[in-house]
Amino acid sequence: MAGKIDKLSGLCVITGASSGIGLELTKLAARDGCDLILAADRDLGAAEAAARQCGAAGVETVEADLATRDGLQALMTALGDRTPDVLLANAGHGLGEAFLDQEWKDIAHVIHTNVTGTTWLLHHVGQKMRAKNAGRILVTGSIAGHIPGAFQLVYNSTKSYIDYFCFGLRNELKDTDVVVSCLMPAPTDTQFFDRAGLENTDVGKSDSKDDPAMVAEAGYKALLEGDAHTVSGFMNKIQDMFAGVIPDTVLAQMHRRMAEPDDR
């Protein structure tokens, strides 16, 4: 497997690039002078402007819902016959409230965004990179994937899939020069909580969320170093460590206290 590099270069595909961690990853790749294909399900004007201001060699945008076949195909049409040098697979979103109180269409959209779309993209781009025997992939997972997610059950479960999928894919590619790294943030100060309907929860109202620029920097550094994964922030590393020690029933109750709406 390829080792440490000083900077990214070439063609970089970034999903979920419109805001938050994805926007900060966009700025970092732009500063390295990459050609960028930016994808998100909402307006990419701010991301495109930031990328150009930060020195990207070129910027293409694809506004598409990567939970859908049409959205994924739109991204592949933009990519064409090119093989990305870098994939920053950051697209994803959450969903608050109790599982049985959620609408199935909302549950399905989270699963198709976080799991189906991400897995399809990794398969398509990963095959291209393996054939070239070169490439770097950073996937945004979450330390939530190690915690039974009462009142955020679907999101945590999809991130559990993503975290462990990355570790397994990295192992399958260990005899190649394709690097797979997993970024596992804790709660981060982005639009995630508003979009997931988690504003009226302890975690949503907390002032101690991580800075998305810091989180993106940690993931970007891990990818450059060729690391398997990174958990951003010291306290998050402690939380991740204890997630493997504390009984799952206790973790589920702890998560409930953070994610259960205050008006229940």
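This report describes the sheet, helices and cysteines of a predicted model.

## Basis

The model is predicted, so local features need pLDDT of at least 70 and side-chain atom pairs count only at pLDDT 80 or more, while totals for chains, interfaces and linings use all residues. Residues are numbered from 1 along each chain as its sequence is written, and side-chain values use heavy atoms, with hydrogens and water left out.

## The sheet

Seven strands form an open, parallel sheet in the order 3-2-1-4-5-6-7. Strands (E, at least two residues) and helices (H or I, at least four) are DSSP runs, numbered from the N terminus. Two strands pair if DSSP finds at least two bridges between them. Strand 3 (58–63) and strand 7 (229–230) are at the edges with a single partner strand each, so one side of each has no neighbour in the sheet.

Strand 1 (residues 11–15) pairs with strand 2 (residues 35–40) over five bridges, and Thr15 stands opposite Ala39 of strand 2. Strand 1 also pairs with strand 4 over four bridges; here Ile14 has Leu88 as its bridge partner. Strand 4 pairs with strand 5 over four bridges, where Ala89 has Val139 as its bridge partner.

From strand 4, Val86 and Leu88 point one way and Leu87 and Ala89 the other way; all are buried. Buried means under 20% relative accessible area, exposed over 50%, and partly exposed in between (1.4 Å probe, protein chains only).

Strand 4, helix 4 and strand 5 make a right-handed β-α-β unit. Right-handed means that, with the strands pointing away from the viewer, the path from the first strand over the helix to the second runs clockwise.

Helix 5 (residues 153–172) has 20 residues, which at 1.5 Å a residue should span 28 Å; its end C-alpha atoms are 29 Å apart, which agrees. The expected span is 1.5 Å times one less than the number of residues. Buried residues of helix 5 include Val154, Tyr155, Ile162, Cys166 and Leu169.

## Cysteines

A disulfide is a covalent bond between the sulfur atoms of two cysteines. Here it is counted as a pair of cysteine sulfur atoms within 2.5 Å. The structure holds zero disulfides. For Cys34, the nearest cysteine sulfur is that of Cys12, 5.1 Å away. For Cys182, the nearest cysteine sulfur is that of Cys166, 4.1 Å away.

Cys34 is buried, with a relative accessible area of 0%. Cys182 also counts as buried, at 1% relative accessibility.
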